[in-house]
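Here is a short tour of a protein model, written for someone meeting structures like this for the first time. Have the 3D view open as you read, and look up each residue as it comes along.

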Amino acid sequence: MARVFISAAQLEPDAKVAGAFYDQLKSAGHNPFWAAASIKIGEKWSERISEELKSCDYFIVLISKNSLHSDMVTEEVRKVKELQQIRSSDYPAILPVRLKLPFGTDTNYDLAGYLNRIQQRLWQNDPDTKTIIDEIIKVIKQGRTPELLEHREIRLGDIKPHEVLLPNAPLELPEGQVRMDSPFYVERDVDAKCFEEILKSGALIRIKAPRQYGKTSILSRLLRHAANNNHHVITISLHFLEQSVINNLERFLKFICEYSASRIKLTPMMEKHWIEFEALKMRCSLYFEEYLLESTDKPIVLAFDEVDRLFSIKHISDDFFSMMRGWHEESRTNPLWERLKIVLVHSTEAYLGVNNINQSPFYNVGFEAKLPPFNMQEIYNLAVRHKLNLNEDELSEIMSFIGGHPYLVRRALYEMSYNQISLEELMSSATSGYGPFGDHLRRYLWNLKEDPNLLNAITRILKEETCKDDRTCYLLQAAGLIQGDPPDVRISCSLYKKFLCKHLF
Amino acid sequence: MENQNQKKSYFQPGGSLPADSPTYVKRKSDDILYNYLKESKFCYILTARQMGKSSMRVRVSRRLEAEGYACVSIDLTSIGSLDTTTEQWYYSLLSKTCHDLKLPGEGLRNWWRENLDLSTVQRFSAFIQQVILKKIENNIVIFIDEIDYIMSLDRSKFSTDDFFAIIRHCYNSRADDPAYNRLTFTLLGVATPNDLMQDSTRTPFNIGYPVELELLDLKNSLPLKEGLDGVSVNSDDLLKVVFDWTGGHPYLTQKICSSICANPGRITDISSVDQLVGELFLTEEINDHNLQNVNNRILLHETYNIQMLEIIQRLLKMRKIESDDSDFAQLYLKLSGLVKSHNGYLVISNRIYETVFNEKWLTNAMGKIKRPFAQDMQRWLDLGKSKSAALRGEVLEQACKWAETREDITPTENEFLNFSRLVRQEERQKEIELLYSRKLKIRNRYLILALIIAIIAGIFAVYSAFIARDQALAAKKQSELTLQQKRIAESNLKKLKESLVTLSNIDDNCRQSIIEYLEQNPTLWGDLRKIASQEEINAQYERLLEKIVSRLETFKNQSGIIPGENTSDSEHSEFIEKRTKITDKEIKQIDQLAKKSGITIPSETKDKYPEIVYMTLKCPSMNKIERQYWFSIIPTMTPEQISRLREILETERKKLAEIDYKYENKLKGINLLNYLNELSKKKTKLNSTDGILEAIAVFDFKLDDARFKEIEKALFALKPKFSKVHDFQYVASQFYHHAKRPTLAVEFIKNALSERPQKIKYLECLAEYYKEQENFDEEQKVYEKILPILYKSISSVTVDNTRIQFADTLVKSALSKDNTKNFKDALKQCQKALEINRDLINKNRSKENLTRYFDNLWYAGHFADKVDNNGSLTFEYAKECASIGEELIKKFNDNSRNVGGAYSRLSWYSLFNNQYEEAIKSAKRGLELKPEKIWIFGNLAHGYLLSNQFEKAKEIYLKYKGKKIEEKLWEDAVMEDFEELKKAGITHPKMKAIEKLLGRAKNN
């Protein structure tokens, strides 16, 4: 008997399929969990879900139009991946089923990354339900885990996270073709600065903003801009790298080299250019200098997304950042290195380069692009593009309710425009766990409840607007929950404040 | 647009300025370094961060390169990472050198591969000499930047001393090989030479030239001025204000200028610079990384942070203090960048630092890093140094650890820490007494207590404890427990400790009685387990304890056993005295003990307080770290503290001796019953009887009938467990034997023999039992059975051990015959044994063989004496016996045999064989060995008498007249001797005179 967790949105056809899966598994003698069927009213859902995730053997995730914008589904997948890494095990094994969503139409960047190498099944209509669940039961019976596929390229340019929210945006983008700027993208001053900076020789850009502030959007636009200006573009999303690679300096640097070579269509030639005698950082630097940079006339943009992941791995981060700094410094004196441009994207600056007082710090290097929240004017412009006519009162109401948080603003405008909800209705249903922001808010609550430290800190901030512990501050700031300079911090917007008060007190 | 772009990148705060940067301000130090290098001098630039070291390096190399120099610049941070190996270090240093010198990397790779037989360091210097200096004909300068990086390295992976020695070697080689004159090194970094080198004899710094980096000079700052030209305010005035803030600090200056250029519109007049500076640097939290670095370099310095803060405190008050280069705190403060030397004084480097690192910052910083135990110490002082305010536990550990890293501990702090240590030691001793945690002696006690705890705390680790006890019993003869047993015992002890802590709600007496009770009456363990299993894991301990105590009372009433009453007071005090007294011999062991545990003791301490040192070394409640701690602080302790320490140690020693005393008395009572019960729970069959026999052997059978029956029952319950029935019968017979039930013992061994009639072990056992019952006829019958069996086996195989066994059995049999006065047969058997012994001796004159031979000769002599009247045979045996005895003494220094007795016998039988000289000689030797055996004098006197030395004889005869020797009057003994001699026809005319003198003249 296996424990099976079914993750699905509570909309059709997802619920129908999930329900069928649930019943079939149960009658096959397994122990399935599906929130809609298994959680009783009044039960503490966040604890229960954490519990079930930890104890399940298999994790079935239904990927559909609906779940693609669900923060909760993405978060559940992320947690399962985390469990696998913590346990260094293939379990819980992930079994993805795509509902009417053909392969290659990944429109959720995170999900696409997490499920990258996992074999997926496609559900087209009702008869498929039986075929797929039979196959799943067979897999479970044999105690197998799904086969791993080759590492597929996830091209940042292909994915525009915000567009999936938009009524007019085509859900399925033909692969490899980059759709030019979405009309709903809000260009800010910082965009232009980055565009200008990336064309400078030896540039180093650090994009920094809390979660869901549009970092990946600006990165993908920036990279497109670079590509259009005759640059090679290499993106490495650290979030999706296996723990064993990221934990080992040699494997990590080797991966960077091999991957970069393949991205600019060179054979890696490791036996010639990866010299065992050399110290690792030197080896990696020489690989770039004597092979990659030498082999092309075009400038190369090397972008690292979700750099935060390195911060907690001190023995890697010290060396990695000192190498990045070294490369950037080198560009000032060595024309070859002028061709290399580095982009780092992160949401915190926890411990960035302050680890070792004997080393030059990293955080003053290069150009820092902080993404600010939307201002009133930007919200207005965006509303107009949504064909919404908001007066000044309404704007300032939005501003005071959700701040300028880019994701919340776009979600709000989308709801008002597409679902024809009035601002009043929106605000009254906003703090419900199942309202328009429900998914987004529940994810926060879930994560807070998992970490007593964070929960304590946020409770204190709600009461006293102060937070003494720097690290906790960084984490909460990175999550976008709080603003301000520690120790004087406050909850980012009144939506969060109301929601948290409602659920924590 | 183009123009503005340029403006933006005109100034550059942070990172080295490119060689063509327009904002580089030349300093005097540029020329100094340049000139030194032109003279091939080895240079080092060690200064605070962001003073423009690397920028100057770029500039100076550009200048040198223009004159045909080849420059190499190595940034150590680009090479080193956590796991860089020594080989990788040296290879990468060379590969970067080749790279900068435009030598192909492939060449290095091949060369390196071809010279793998050289050590890494040799390869490095050989490559410099054989390749670099050969291929490059120009002068070479190697700049090594970020040299301080090596301080964060694991020095076992990369020996910085080795590395610097190579640099020094390159310099030294100039005398022999002029090519080295073309090679110069320059080190750059944030460090003091001391930080970098451990071995001062190999340092390159004493042959090198330091280059001081001064601050920028406003007069030479034309390039900066040009960068500010686009601003509406006069650039001269502007720059002056900037310098007023920065004092010419390169980074701070660049940062302000760059910020001015980024927002030229904001600068409307000079005062707007102040505003800008405020935003950039003077924020509530320190934002600027340079300021953060200064802050961290001071606060995070492990050794000198407090002293640095004190200097800053003085500086804030007095503006300047005298500069002192021998003061490390000052050096490190300079290295942080906060202060600079100015005309022999130390001053704060610039106005920005002065504003940021102000009184408020200082108070805050002091608060952050002050003594971790400051508050506790204040409380201690307030309470008049009360024990209750001493540091304890983890806090004390941390405070001591912290204090070890400090060089500025005040005497009060020292006293406070020492005091806390003493209090802790004192308290621990109480704990120890309670816990019986004496490590070496503890063995069974561990297990018993572990059991109690397992029961009380409801931890059902009982089974493992029993196993451990089983093992411990089996291993009782071994001096040390095996590793595994130790581990089990220790883990049980841990559980015990944990549980006893939670039991703090009962008083010591109660605890003590529980322990004693359970030790005395282990039968109740089973009952207690039942109780415990009925309780929940977190059950109320008190309730449980009440039950235990009430059972204790019932049991006491039933059995009447009260622990420890059967020993006398004198025995007790003797034991304690013996245990606590420290002998000279023990004092002499100090060095050895210290060496064994890797502890160093100051010789002064050792001479002054040898007892304290010895007791500390032996103190079971301390670990190595604590011992070392005491030895290092004893010199700093006050006499009161010393005597307090001595008192504590002595008390502990005494209390432990008390525990040992109790324990040794109780050890005998270790519960056989429980052991048997536990064995019965084992799933496997019993194949070996060793453990159980051992348990029986150590068990004290002084017990009442009821308990005996109980144990007997437990033993019989085990019967089916034995894989062989006769094993059980043997065990049972031993059990009865030890329990003084001889009839049953004989019965059971006979049962065993009916199964295995030929088994020597059982036969010997039976013979032994008969012997103890003085049933010698039966004993001999058993030997009659054993001997043929053994004889058969020695005739088929000649194994020495079997032959020895045969000989020994013959002797045993002979001795049994001695009891039945069958001397003739006894002598025969003994002679047979002698043959075997002689044979063995001819093979190997080992101590064992000689001893055995000596004993047999002794017995043989005894039997011969009884059989043979003329004594010649006895004389032969005695003679040989004495000579073997002599050999044992001379060769093996073995005095265990009665060689004196052998000589005594020899002298006596010499008389019968008319060898009076021999009699005298051997009597003398006998007396040398056994001077207390007076009758040997008798033999001597007889010898003198018979060899006509009347006076000598007379003297001896008279000397002991009237004295009693072993219940016999001397005169009577002499008369008896005379009778015997006369019987053998040996007389002397003077015998009568002697008889007369002794008053024993017969009236014919």
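Which residues in α4(B) meet which residues in α6(B)? On the α4(B) side they are B:T86, B:E87, B:Y90, B:L93, B:L94, B:T97 and B:C98, and their partners in α6(B) are B:T120, B:V121, B:R123, B:F124, B:F127, B:I128 and B:I132. Keep in mind that this is a predicted model.

**Helices α4 and α6 of chain B**
- Helix α4 covers residues 86-100 of chain B and helix α6 covers residues 120-135, and the two pack at an angle of about 15° with their axes 9 Å apart.
- Because angles under 35 degrees count as roughly parallel, α4(B) is roughly parallel to α6(B).
- The crossing of α4(B) past α6(B) is right-handed.
- Sorted by class, the residues of the contact between α4(B) and α6(B) are nine nonpolar, three polar and two charged.

**Helix α47 of chain B and its partner α45**
- Helix α45 (residues 899-912) of chain B packs with helix α47 (residues 935-946) of chain B at an angle of about 30°, and their axes are 9 Å apart.
- That angle makes α45(B) roughly parallel to α47(B).
- From α45(B), the residues in the contact are B:G900, B:S904, B:S907, B:W908 and B:L911; from α47(B), they are B:W935, B:I936, B:N939, B:H942, B:G943 and B:L946.
- This contact of α45(B) with α47(B) has five nonpolar and six polar residues, with no charged ones.
- α45(B) passes α47(B) in a left-handed crossing.

**Helix α47 of chain B and its partner α46**
- Helix α46 (residues 916-929) of chain B has an axis that comes within 8 Å of the α47(B) axis, and the two cross at roughly 155°.
- Because angles over 145 degrees count as roughly antiparallel, α46(B) is roughly antiparallel to α47(B).
- On α46(B), the contact uses B:Y916, B:I920, B:A923, B:K924, B:G926 and B:L927; on α47(B), it uses B:I936, B:F937, B:L940, B:G943, B:Y944 and B:L946.
- The contact of α46(B) with α47(B) counts nine nonpolar residues, two polar and one charged.
- The crossing of α46(B) past α47(B) is left-handed.

**Where chain B meets chain A**
- In chain B, 41 residues are in contact with 31 residues of chain A.
- The size of an interface is often given as the accessible area lost when the parts come together.
- For chain B and chain A, the buried area is about 3200 Å², and carbon and sulfur atoms give 50% of it.
- On the chain B side, B:H99, B:R109 and B:H289 lose the most area to chain A, together 15% of what that side buries.
- How many salt bridges does the rule find across the interface of chain B and chain A? It finds one, in which the side chains of B:E146 and A:R325 meet at 3.5 Å, N to O.

**Salt bridges in the whole structure**
- Over all chains, the structure holds 50 salt bridges.
- One of them joins A:R221 and A:E187, whose closest N and O atoms are 3.1 Å apart.
- This pair links distant parts of the chain, 34 residues apart: A:R221 lies in helix α9 (residues 215-228) of chain A, while A:E187 lies in the loop between α7 (126-141) and α8 (189-198) of chain A.

Terms used
Residues numbered from 1 in each chain as written. Chains lettered and ligands numbered in written order. Predicted model: local features only at pLDDT ≥ 70, side-chain atom pairs only at ≥ 80, totals over all residues. Heavy atoms only, no water. Axes fitted to C-alpha atoms, helices over the stretch in contact; angles between N-to-C directions. Helix = DSSP H or I, 4+ residues; strand = E, 2+ residues; numbered from the N terminus. Parallel < 35°, antiparallel > 145°, perpendicular 65-115°, else oblique. Left-handed = near helix turned anticlockwise from the far one by under 90°. Contact = heavy atoms within 4.5 Å. Nonpolar A, V, L, I, M, F, W, Y, C, P; charged D, E, K, R; others polar. Buried area = accessible area lost by both parts, 1.4 Å probe. Salt bridge = Lys/Arg side-chain N within 4 Å of Asp/Glu carboxyl O.
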